[in-house]
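Here are a few friendly notes to read alongside the model. Keep the structure open and look up each residue as you go.

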Amino acid sequence: TESQNHSLLCKVSMLVARIAGKQTALLRASMKLANRAIVLDSTNPAYPAELAFQERLSGNPKSALDTYSRSLQADESYVPALHGRIRCKIELGMLKEADEELEFMGEVTEEGDVGAAIDLGMLKALLAWRLHKDDKK
């Protein structure tokens, strides 16, 4: 049945979260779906990574950081979770750690992976902005 289809639950959760904006009730509902997908298949790193993304969207980067770590327990090389964890560290002010992880990611990212390169570029720009935002004061 649909309620047991972890893939469908995660896809619906993603859809709802992407259109929810800042509507907390919709984000809570989408996070319940993502949690259900995790319960049904705890080996898929995409499910906790999606939940972490939604936790960050709802303004909770600390919880998202923990959830990204759960995703990486399932697959330590899962790139969306690695990028998400770096983003959370930047948001939490853990800039040195984020910088070190970004440097490592830049070295191990496969050549030709355009999506990963774009994400890394955005994360590097965000980190640079956070590192230097007080310079003009």
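1. Let's start with Asp-66, which is partly exposed at a relative accessible area of 42%. On this scale, buried means under 20% relative accessible area, exposed means over 50%, and partly exposed is in between (1.4 Å probe, protein chains only). Lys-62 also counts as partly exposed, at 46% relative accessibility.

2. Before going further, a word on the source: this is a predicted model, where local features need pLDDT of at least 70, side-chain atom pairs count only at pLDDT 80 or more, and totals for chains, interfaces and linings use all residues. Residues are numbered from 1 along each chain as its sequence is written, and side-chain values use heavy atoms, with hydrogens and water left out.

3. What joins Asp-66 and Lys-62? Their side chains meet in a salt bridge, 3.5 Å from N to O. The term stands for a side-chain nitrogen of Lys or Arg within 4 Å of a carboxyl oxygen of Asp or Glu. The two residues are 4 apart in helix α4 (residues 61–74), so about one helical turn separates them. Helices here are DSSP runs (H or I, at least four residues), numbered from the N terminus.

4. Now find Glu-91, which is partly exposed at 29% relative accessibility. Glu-91 forms a salt bridge with Arg-56, with 3.0 Å between the closest N and O atoms. Arg-56 lies in helix α3 (residues 46–57) and Glu-91 in helix α5 (residues 79–91), so this pair ties together parts that are 35 residues apart in sequence. Arg-56 is buried, with a relative accessible area of 15%.

5. Glu-91 also forms a salt bridge with Arg-87, whose closest approach is 3.1 Å between N and O atoms. Both sit in helix α5, 4 residues apart, so they are separated by about one helical turn. How many salt bridges does a search of the whole structure find? There are 8.
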